[in-house]
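Me: I am new to this one. Can you take me through its charged pairs and explain the labels?

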Amino acid sequence: MSEQETQYTAKDLAASLDVTTSTLRRWAIALESAHYPFQRNEKGQRIYTEQDMATLEELRKLLGEKMTFADAIQQLTGHAKIKEKKSDTEKMNVTAEELEKLVSRAVKKAVKKEREKLFKQLKKQMKKELEKLKDKN
């Protein structure tokens, strides 16, 4: 993708197509499952280009002509949506950087959860100690 190529956010593209962002996401997932390649940013979010916009506008047009969703996806991509069982090695096709990000997020989430738990316990303990002090006075 060239530097000058216009890029759209999901929100902007959904508004342009007059669909909800959840509808756009569903369409994009279906297209990806039929091997349509979307670009992604460093956060893993889809980056929509002019070509993607044209493809999605065509999808909307086909659906408006009462074509089934599966047939419209197949027509746009040339691939039938095949439910295939991926091998474990295909499922595990993750780069070291992606794995590091996944592990980092999981650790941060676990630390946050544990910190919240400890703060609750500390708050309870402090409350008990304050009650003991009040009782003494």
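Reply: Here are the salt bridges and the reasoning behind each label. The model is predicted. A search of the whole structure gives 6 salt bridges.

Me: Why is the contact between E32 and R46 called a salt bridge?

Reply: Their closest N and O atoms are 3.0 Å apart. The cut-off is within 4 Å, so the pair counts as a salt bridge. The pair links distant parts of the chain. E32 is in helix 2 (residues 21-33), R46 is in strand 2 (residues 46-47), and they are 14 residues apart.

Me: What makes R46 buried or exposed?

Reply: R46 has 18% relative accessibility. Buried means under 20%, so R46 is buried.

Me: And why is E32 called partly exposed?

Reply: E32 has a relative accessible area of 24%. That value falls between 20% and 50%, so E32 is partly exposed.

Me: How do you know that E58 and K61 form a salt bridge?

Reply: The closest N and O atoms of E58 and K61 are 3.7 Å apart. That is within 4 Å, so the pair qualifies. Both residues lie in helix 3 (residues 50-64), about one turn apart.

Me: What makes K61 partly exposed?

Reply: K61 has 45% relative accessibility. Exposed means over 50% and buried under 20%, so K61 is partly exposed.

Me: What separates K132 and E129 along helix 6?

Reply: K132 and E129 are 3 residues apart in helix 6 (residues 96-136), about one helical turn. Elsewhere, salt bridges that share partners join E32, R40 and R46 into one network.

Conventions:
Residues numbered from 1 in each chain as written. Predicted model: local features only at pLDDT ≥ 70, side-chain atom pairs only at ≥ 80, totals over all residues. Heavy atoms only, no water. Salt bridge = Lys/Arg side-chain N within 4 Å of Asp/Glu carboxyl O. Helix = DSSP H or I, 4+ residues; strand = E, 2+ residues; numbered from the N terminus. Buried < 20%, exposed > 50% of the residue type's maximum accessible area, 1.4 Å probe, protein only.
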